[in-house]
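Please read it alongside the model.

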Amino acid sequence: MTGVGKRRPYISTAWFRLGLDVGVWRTPVVSGVLSRITVTTRRALTYKGVVIPPAPATAPSSGKPIELDVAIVGAGPAGAAAALALGGRGLRVGIIEKAVPPRYKTCGGGVLRRAVALLPLDLRAAVERECFAAEIVHHGPDLRFVCRRDRPVISMVMRDRFDHLITRAAQEGGAQLFAGTAVLDVSPAGEDVRLATSAGEMRARFVIAADGASSVVARKTGRPELRGIVPALECEVTLAPEAMEPLMQTARFDFGFVPSGYAWVFPKRDHLSIGVGTTRRGAAHLPQYYRRYLELLGIGKPLREQRHGFVIPCRPRDGLFGARRVLFAGDAAGFADPVTAEGITGGILSGQLAARAILDGDFAELAVKRAYRETLQKTLLPELRVARWLAWVWYDCPRLQVGLLRRHGQRLSELMTQIMTGETSYTAAVRRPGNYLRLFRR
Ligand SMILES: Cc1cc2nc3c(=O)[nH]c(=O)nc-3n(C[C@H](O)[C@H](O)[C@H](O)COP(=O)(O)OP(=O)(O)OC[C@H]3O[C@@H](n4cnc5c(N)ncnc54)[C@H](O)[C@@H]3O)c2cc1C
């Protein structure tokens, strides 16, 4: 697996696009992005009186390699959900995380109801605000559609607290967290996989690579470069209370001014996550679109503003199952939704499916890979395939987008809300003939 010899720049085009744009604008941010250094603290988090204690981290012993049944690289939603699903069985499960949780993660922090439903956990301690309405706005022509539900459509979180809550639950189920430990290399070792880490060597019978869009495991195992990369810029913004108040109740998605993309406002407890992203190839000019978006929202100079940029992989990685005894999950596998660029659902689901496949395949390499492939082909992959096709229609045919919104805006917004809540799915929506017939009705 290692020593494949191809040292190509990883997700190079996307880095270039993002760097080109963001680089001119704020170099320290870009260097932060490029190195993916995360701010970490070892402290308890408290919200509404509920305390999420700091993660007790396990330091690898020096000398002898640490033996694991399953090594999970990355404590994001994919890795943490995988570790949680493997818990309570007496397996030696290790989560190897280069940061020290809780760590900041560049993300809008919108957890769709369909993602919340996947986790057997009470997430309230991590939720900053529940949005019971989604608002879809178009800026050319001016159109606005609001879809309300009596249960939250999107739960707004800060990712440090959210990821940490799932990781803590996985630790309670028996997983060991190796915090502040980076995986540097991955190679086959007989029936095991050897992991060279910043804290020494580990060996595992199986590896779940959940190390995000710039996956080291993918690079070290010679996987092809990710495609369908969406660069996105996310800003944590604080405004004066009277300016913030009108934006605090709904999850807002704005179309029609970011070419082949959209902008969003996600309200948190006492600030807003405002961002822009595009599926367009070439220079993304995201900082300019972000500034334009603030103008459209009527926002002057924010009281506080922290900008972060990163990429979202919206196309499943080729060769997902090729690496020996290594399963890819979440962003490392390219499982974000091509329509919304939302990746937490795909991360959690694929982490759980990878864990399930290892258990069902009883650690036999071929049986595990077959089980993972089959369950993905029954669940996530058809969804992503349909979503990719819809994303193409939506983002690459702007006149059609406007025409559809003019004639069927409320209906389409309701359908999208149903998909976000899990009331329906992309595959179910395109299979329903009534949905096409309605497009031709006025
Ligand atoms: C600007 C922006 C806004 C977004 N907004 C949303 C949103 O609102 N809702 C949504 O659902 N999705 C959103 N996404 C997408 C979402 O953030 C990702 O899809 C999701 O985080 C993927 O989860 P993951 O567990 O696969 O990877 P990650 O969350 O990226 O976690 C990977 C983990 O692996 C660790 N790691 C990396 N390399 C190593 C290594 N070598 N050794 C050890 N550990 C390592 C990292 O530190 C990290 O903790 C957004 C993304 C961006 C960029």
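## Strands around E16

Two strands count as paired if DSSP finds at least two bridges between them. In this predicted model, three bridges join strand E15 (residues 251-255) to E16, and the two run antiparallel. Phe 253 stands opposite Trp 264 in E16. E15 and E16 form a hairpin with five residues between them. Gly 256, in the turn, has a positive phi of about 95 degrees.

E16 also pairs with strand E17 (residues 272-278). This pairing is antiparallel too, over seven bridges. Pro 267 has Leu 272 in E17 as its bridge partner. Four residues separate E16 and E17 in their hairpin.

## Burial of E16

Strand E16 (residues 261-267) is mostly covered, with seven of its seven residues buried. In a regular strand, side chains alternate between the two faces of the sheet. Both faces of E16 are covered. Gly 261, Ala 263, Val 265 and Pro 267 are buried on one side. Tyr 262, Trp 264 and Phe 266 are buried on the other.

## A three-stranded open sheet

Three strands form an open sheet in the order E5-E9-E6, with antiparallel pairing. Strand E5 (110-112) and strand E6 (127-131) stand at the edges, each with a single partner strand, so one side of each is left without a neighbour in the sheet. Neighbouring strands of this sheet are turned by 30 degrees against each other on average, direction ignored.

Four bridges link E6 and strand E9 (residues 154-157) in the antiparallel sense. Val 127 stands opposite Val 157 in E9.

## Ligand shell

The ligand is surrounded by 37 residues. The closest are Gly 74, Gly 76, Gly 108, Gly 330 and Gly 343. Elements giving two or more residues to the shell are helix H3 (77-85), strand E4 (93-97), strand E14 (229-238), strand E18 (304-313) and helix H9 (344-360). H3 gives the most, with three residues.

By class, the shell has 17 nonpolar, 13 polar and seven charged residues.

## Chain overview and confidence

The chain has 14 helices and 19 strands. Buried residues make up 49% of its 442 residues. Among contacts between residues at least 6 apart in sequence, 74% join residues at least 24 apart.

Mean pLDDT for the chain is 87, and 83% of its residues reach 70 or more. Over residues 1-42 the pLDDT is below 50. Beyond near neighbours in sequence, this stretch has 72 contacts in the model.

Methods:
Residues numbered from 1 in each chain as written. Predicted model: local features only at pLDDT ≥ 70, side-chain atom pairs only at ≥ 80, totals over all residues. Buried ≥ 20, exposed ≤ 12 C-beta atoms within 10 Å, placed from the backbone. Contact = placed C-beta atoms within 7 Å. Axes fitted to C-alpha atoms, helices over the stretch in contact; angles between N-to-C directions. Near = placed C-beta within 6 Å. Nonpolar A, V, L, I, M, F, W, Y, C, P; charged D, E, K, R; others polar. pLDDT = per-residue confidence, 0-100.
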